[in-house]
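Subject: Structure handover

Hello,

Here is the structure I am passing on to you. My notes on it follow below.

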Amino acid sequence: MEYAQCLSDGNCADPHPRCDTALGACVQCLDADDCDDGNHCTVDACEADGSCSHVVQPECIAEIGIGEAHTCILRAGGELQCWGSNGFGQLGNGSQVDRTTPTFVLDIEVALDVAAGMRHTCAVLAAGDVACFGDGQVLGIPSPSRPSYARPQSVGLRDAVQVDTHAEHTCALYASGRVSCWGANHAGQLGDGTTIDSQTPVEVVGLSDAIAIAVGTEHSCALRSDGTVVCWGDGRDGQLGHGSTGGSLTPVEVVGLTDAVGLWAGDASTCALRSNGELWCWGNNYVGQLGDGTTESRSVPAPVPSVEARQAAVGAEFACALRTSGQVSCWGSDLWGQLGNGDPPSDSLTPVDVLGLTDALLLAVGFDHACAVRSTGSLVCWGRNDLGQLGDATTVDRFAPTPVVGLD
């Protein structure tokens, strides 16, 4: 094996890792004390034959869930931590006291996915069940009094692999490709062919090949295994993407998408990532949240110009993309600094770069704030912070990324 060499500035002449048997890890440079890759999340393990194999460290952040005014992270080891607004117990720590720094969720040893809504949080458990906590009206738990729960409560599902939520309804994706939803249903967002609210999960009609789901305020969408997308619920702003502003109580196909590989929904807009890296969005656009340089809402998908992405996220009135370069860019409303470009709040109809965030690995947005995991494994957040949702031990809004404290 050809060893990489460290330069005088501490950088590596060769970017490829090598196996350092003394450390039992893969590093980029000959002198690991002076020059390794610095990333505790992606340093690979050293095999006996001198090869390198990827091992995810338990402390790494595997997923981010952002709600209206609270944030949660899923550690690779399965632990959940949350912070921010907690008036309904949506932090899951047994109290209803707001937190400006991370606190551990109780009673969940291993989670596989997490999603945060307006006043609640849900997680997929290792056994395939979903547990939720917070506002009792939308937890999927039959209860005549609908109280709030400050500790996780089982929804009673099996074989769930993903959960998503936004405002007052939640959907779960099963390994079989079926989808069930629960909560508010006045616009048909549960997809069961009715407008009847349901405290317990009801199955989405005619959907058996979904591979991902995305939930907005009053609409829901699913990515199918063939690359097409279907949506249901409220369509007044074109967020169903089927060419009109009519709603639908059951899934309808989004026009012109046959190669989608990612899907995200916000307040009344939706975005899909295509296999070529293009990001296409549709729905409400009155503050530029579609990123196409206009304020014209669209009932069919249109590309976000000049964005080659590997991930995206859609908030209430803004959206962000994680570019293939690692740069994060955002567009739309900037009322609370959620575009993250460091300037005083100013809406943008086209993408603007988040200040200094060029090495992002994972991205999530909520109603008015956003967070990203950096290549170092650290988590940074920006935007609205009146209830401590940025996790920086303050309640000061941030116009640029600021580190979440207490995650070491």
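Buried means a relative accessible area under 20%, exposed means over 50%, and partly exposed lies in between, with a 1.4 Å probe and protein chains only. Strands are DSSP runs of E with at least two residues, helices are runs of H or I with at least four, and both are numbered from the N terminus.

Please note that this is a predicted model, in which local features need pLDDT of at least 70 and side-chain atom pairs count only at pLDDT 80 or more, while totals for chains, interfaces and linings use all residues. Residues are numbered from 1 along each chain as its sequence is written, and side-chain values use heavy atoms, with hydrogens and water left out.

Strand S9 (residues 111–116) runs antiparallel to S10, and 5 bridges join them; two strands pair if DSSP finds at least two bridges between them. The link from S9 to S10 is a hairpin of 3 residues, and aspartate 113 stands opposite valine 124 of S10. Strand S11 (residues 130–134) also pairs with S10 in the antiparallel sense, over 5 bridges. There, threonine 121 faces phenylalanine 133 of S11. The hairpin of S10 and S11 has 4 residues between the strands, and in it glycine 128 takes a positive phi near 95 degrees.

For the chain as a whole, the secondary structure comes to 0 helices and 31 strands. Of its 408 residues, 55% count as buried. Among contacts (heavy atoms within 4.5 Å) with a separation of 6 or more, 45% are between residues 24 or more positions apart.

Next, the charged pairs. Side chains of opposite charge can pair when their charged atoms come close. A salt bridge is counted when a side-chain nitrogen of Lys or Arg is within 4 Å of a carboxyl oxygen of Asp or Glu, and the structure holds 13 of them. One of these is between glutamate 168 and arginine 119, at 3.9 Å from N to O. Glutamate 168 lies in the loop between strand S13 (160–165) and strand S14 (169–174), and arginine 119 in the loop between S9 and S10, so the pair ties together parts that are 49 residues apart in sequence. Both partners are partly exposed: glutamate 168 at 34% relative accessibility and arginine 119 at 22%.

Another salt bridge joins aspartate 392 and arginine 398, with the closest N and O atoms 2.8 Å apart. Here aspartate 392 is buried at 8% relative accessibility, while arginine 398 is partly exposed at 27%. Salt bridges that share partners also join Arg119, Asp135 and Glu168 into one network.

Aspartate 234 is in the loop between strand S19 (229–233) and strand S20 (248–253). This aspartate is buried, with a relative accessible area of 9%, and forms a salt bridge with arginine 236 at 3.0 Å between the closest N and O atoms. Arginine 236 is exposed, at 59%. Not counting residues up to four places away in sequence, aspartate 234 touches Ala187, Glu218, His219, Gln239, Leu240 and Gly247.

Serine 220 lies in strand S18 (residues 219–224) and is buried at 1% relative accessibility. Its side chain makes a polar contact with the side chain of histidine 169 at 2.7 Å. A polar contact is a pair of N or O atoms within 3.5 Å; within protein, one must be able to donate a hydrogen and the other to accept it, and residues adjacent in sequence count only if both atoms are side-chain atoms. The side chain of serine 220 also reaches the backbone oxygen of glutamine 189 at 2.9 Å. Leaving aside neighbours within four places in sequence, the contacts of serine 220 include Cys171, Ala214, Val230 and Trp232. From C-alpha to C-alpha, serine 220 is 9.2 Å from glycine 188, which is 32 residues away in sequence.

Regards
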